[in-house]
Amino acid sequence: MTPAAWALRTRVSLEETNLHLASLAEAGLLGIVEEHGMATVYLTHRLDDPPLPGQWEAVEDKDWNAAWRADLHPVRVGAITIVAPWHERPGDGLALVIEPAQAFGTGHHETTTGCLTSLQALNLTGSTVLDVGTGTGVLALAAKQLGAQRVVGVDVDLLAVEAAAANAAANGLDIEVYPGSADAVSGRFDVVVANLDTATLSSVAGDLAQRVGREGILVASGVSNERVSEAVTALAAAGLAADATLGREWAVLAGSHTR
Ligand SMILES: C[S@@+](CC[C@H](N)C(=O)[O-])C[C@H]1O[C@@H](n2cnc3c(N)ncnc32)[C@H](O)[C@@H]1O
């Protein structure tokens, strides 16, 4: 029997896997799931020369989607549980429904959970929040659920912009989503959250500083523990003093204007 799909199980992180999205998409990408530091890439067929190292497994299930769905579990971070549309809702706390596989941000990555923890430690009631690199909109939508009054998400990837808008509608949450980066919006925000990689964070540090209110806070991640000093230096050059909390693999930075 011809397998319905192929799963490539790799130890490569989701962030690194995402770097190969274009070639994977061309090769028949169906979806990517990451859990416990392992990414599983689902493809329509087995590749002779995959862009990532890993072990192939045939997915015999006629509905490959069922196999992929079974791998994806809800993620609870503090009061928020991120669920896929087919998951049961939690009995308590806040449920955030995120359609996976459209863009980065199923909530499984340590950088996302780190930002979610930091956002919950802030009092967002009535605040303004900008999410730079919104992906699926997961952080922007969480901020709205946590009581923010105005939430704006921006992303340079148009698919992410569509995904975030679709997830906002699915959750009945009113956020603004625009294509572009921190310079696509004007004004200052009480909280700016930016889960970007170190190089991107460093390159947009000046724009982020322009968006963080005088008394505001920047919550940033996408920075590995090893590269924290690089990110802190780039933010300092832009006028933001940042402290880092190291995680298992990824750090979360909290920055504010130096006074
Ligand atoms: C690591 S994902 C974060 C997604 C989501 N915010 C989360 O925390 O799970 C980074 C996102 O930033 C976007 N991105 C990359 N460079 C960017 C830039 N210069 N400005 C805005 N978004 C950017 C990518 O398209 C991607 O959706």
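A polar contact here is a pair of N or O atoms within 3.5 Å; within protein, one must be able to donate a hydrogen and the other to accept it, and residues adjacent in sequence count only if both atoms are side-chain atoms. This is a predicted model, so local features need pLDDT of at least 70 and side-chain atom pairs count only at pLDDT 80 or more, while totals for chains, interfaces and linings use all residues. Residues are numbered from 1 along each chain as its sequence is written, and side-chain values use heavy atoms, with hydrogens and water left out.

View 1. Let's start with Asn 195, which has a polar side-chain atom 2.8 Å from an oxygen atom of the ligand. The side chain of Thr 112 places an N or O atom 2.7 Å from a ligand oxygen. At Thr 134 the backbone takes part: one of its N or O atoms lies 3.4 Å from a nitrogen atom of the ligand. The protein buries 84% of the 600 Å² that the ligand exposes when taken alone (accessible areas by the Shrake-Rupley method with a 1.4 Å probe).

**View 2. The shell around the ligand.** Here you can see the 18 residues that surround the ligand, the closest being Thr 112, Gly 133, Asp 155, Ser 181 and Asn 195 (near means that a heavy atom of the residue lies within 4 Å). By class, seven are nonpolar, nine polar and two charged. Nonpolar covers Ala, Val, Leu, Ile, Met, Phe, Trp, Tyr, Cys and Pro; charged covers Asp, Glu, Lys and Arg; the others, Gly among them, are polar.

View 3. Strands β9 (residues 150–155) and β10 (residues 176–179) are parallel and share four bridges. Strands (E, at least two residues) and helices (H or I, at least four) are DSSP runs numbered from the N terminus, and two strands pair if DSSP finds at least two bridges between them. Val 154 has Tyr 178 of β10 as its bridge partner. From β9 the chain passes through helix α6 (residues 158–171) to β10 in a right-handed β-α-β crossover (clockwise from the first strand over the helix to the second, with the strands pointing away from the viewer).

**View 4. The four-stranded sheet.** This open, antiparallel sheet has the order β2-β3-β1-β4. Because β2 (29–35) and β4 (55–59) are edge strands with a single partner each, one side of each has no neighbour in the sheet. Five bridges join β1 (residues 5–10) to β4, and Arg 9 stands opposite Gln 55 in β4.

**View 5. The three-stranded sheet.** The order is β5-β6-β7 in an open sheet with mixed pairing. Strand β6 (residues 80–83) runs parallel to β7 over four bridges, with Val 83 partnered by Val 97 in β7.
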